[in-house]
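Biologist: Please walk me through how to read the domains and the overall fold of a model.

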Amino acid sequence: MSTLFLIQLLNGLQLGVLLFLLAAGLTLVFGIMDFVNLAHGSLYMLGAFVCASLTFLTGSFVWGVLLAIPIIAVIGYFFEVLIVRHLYESNHLDHVLATFGIILIADTLVQLSWGPEGIAIPLPGYLSGQVEIFPSIIFPTFRLVIISSGLLIAAGLYWLITYTRLGMLIRAGASNRTMVSALGVDISTLFAGVFALGAVLAGVAGMLIASITEATIGMGNDIIITAFVVIIVGGIGSMKGAFIAAILIGIIDTLGRSFLKDILELFIASGSAETAGPALSSMLIYIIMAVVLAVRPQGLFPPKVR
Amino acid sequence: MKKQLIIGAIASALLSTTAFAENLKVGFITTLTTPAAVIGNDQKNAVDLAMEHLGGKLGGKPAEIVFEDDGFKPEIGKQKTDKLVQDDDISIIAGYIWSNVLMASAKPIFDANKIMISANAGPSVIAGKRCNANFFSTSWQNDQTPMAMGEYLNQNGVKSIYVMAPNYAAGKDMAAGVARTFKGEIKGQDLTTWPGQLDFSAELAKAKASGAEAIFVFYPGKAGGAFIKQYQQAGLKGTMDLYTVFSVDGISLPKMQAGNLDGVLGSRLTQQWDPTLDNEANKKFVADFKAKHGTYPSFYAAQAYDSIKLIDSAVAAVDGDMKNIDGLKAALKAADFDSVRGNFKFGNNNMPVQNFYLREVVEDADGKWATKVVSTVYTDHVDPHAADCKL
């Protein structure tokens, strides 16, 4: 049981870092530009498909990822300049409507270019095996790669936001964007840059997950809701909040899926636990969000000054 | 003036009846959008091939198949069914991949005394207590395929299994089906969120920790490939044998081969049909399908092909009179057509009574990943819900 628990913690951590990559971009865009981007999941999907094509083209997954990153950055940049920029002045409902339309367009474009069947990304042999981390704890190599690259990216973002001038502007923007632009910062370049950064993070998450599952149309729509839960729990605009909430949600979701049924069986009949377990574990993260909203509506770690 | 009007009305009435007679129509509802469209497209290709083989005619009359897209959603499937039943006044509506779409669409068809032919979905209710004389299936009842798997596992001396399936009507039927016949121990069972969940890390870790000898899964569509990949990455191949139903097919195998998911090779599955079944109708179907589309047809395609051939035989029996619902029903029940699965007959609940085969995933002579028949598990198998049906 304890071995299984440790493995499930690692699985939860892996889901957590993936959620963080997705939520980081979402919370930056929502926090700094006050823009609700439902189409963030489409960038995640595009990352997966572009990476899949490049992997087949170059014959190497690593090259596929390295080449896909600048492409997604460019797509993110032009997405901001051509579409998103014209929507900042509108209200949140317009944002939702416009970005929902973009989801439909992106899904159809992907279906037209890659077909409806999805792509399985082949991994090189050294990534598709397993490693023994501790005695009797054997874990898939690629999931360890996801955890470590996710944590590295998180550390990089922490450095970027805490110690660089760009990070200072991002933090200032999240706290009070009117003041930042009043102080003469070139806000439009900053916004486009932040948007492209968010796109890259989402794209990388898509590339990593597609190597476990596969690149499919609408893959972003399944996970974007969870990413919104993460930024709401963490506090909108807060990178630290997104990180902690993502790990928390990842671990709670995974542990819920693995142990809730067994725990319920201690209290209710086995047949009902069989049905209630999966139902309750898929609700778990929303219950957490509801509790956080009731007790601390600004989220666990909101940006300091609003 | 009045006379002219009457003559005009009669003439137009005559015109419209002749137009109707020329345009014999059959509805086919499948999934043509969303990622699940790969299944719908495969079925559509098979229906088109059947019509090509029949020279564009059903029962010798020029005919047209009206395709509608259910969008992978029960409510849309029902709307499209309503449209075919009410607006187009079509007597036979075939298709239906998904159990939930079929159940939502059944009532409007039965209420209007039209005929529904499932080319895939086979939920337990429609086979048992709520069976209907206006329903026919060219596929199977959900329980049968996993029951055949349970029976094979017994024969093969497998002592314990772990069961994984998605948490919806068909997933529960599959899990119940294998438990119905498997005599060994089921070490654990996970029903995962459908259709959202594609990451099975937590469930695979549990399966591994359970110490079961083998793993039985049902993951149709994109979830199948995702599962196989993670099964392979978790290093379970060789320690926990993989047995599947409806997860590995002519649609997913080329993609798995491109992604080098060799964890699937050697895995075993049960099914009522296989591209290598030795009969004339099947040889022609598989060869022409491969020539046209470059891939093996899936079982979805085979069932869709059979549904059109079945309808053809019924329309011929009533000589194209689509208003003769009782005649059509009697002729459908007789099932006088050359099925790609060899002999074909209906049970009391209008589900096929048929053989189930054990198949294995292998590389074919051209190096393509395909399936072959290993043995026959059930001969003329009747589904377990037939006894509850009062027809």
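**Domains and fold of chain B**

Modeller: Chain B has two domains by an automatic or database domain assignment: domain 1 (2-140 + 278-346) and domain 2 (144-271 + 356-388). This is a predicted model, in which local features need pLDDT of at least 70 and side-chain atom pairs count only at pLDDT 80 or more, while totals for chains, interfaces and linings use all residues. Residues are numbered from 1 along each chain as its sequence is written, and chains are lettered from A and ligands numbered from 1 in the order in which they are written.

Biologist: How many residues does each domain of chain B give to the contact?

Modeller: Two residues are in contact if their C-beta atoms, placed from the backbone, lie within 7 Å. Here domain 1 of chain B gives 18 residues and domain 2 of chain B gives 18 residues.

Biologist: Which elements give two or more residues to the side of domain 1 of chain B that touches domain 2 of chain B?

Modeller: Helices (H or I, at least four residues) and strands (E, at least two) are DSSP runs, numbered from the N terminus. On that side of domain 1 of chain B they are helix H2 (37-53), helix H4 (99-111) and helix H5 (124-127) of chain B. H2(B) gives the most, with 3 residues.

Biologist: What share of the residues in chain B is buried?

Modeller: A residue is buried if 20 or more other C-beta atoms, placed from the backbone, lie within 10 Å of its own. In chain B, 56% of the 391 residues are buried.

Biologist: How many helices and strands are there in chain B?

Modeller: Chain B has 13 helices and 14 strands.

Technical notes: Buried ≥ 20, exposed ≤ 12 C-beta atoms within 10 Å, placed from the backbone.
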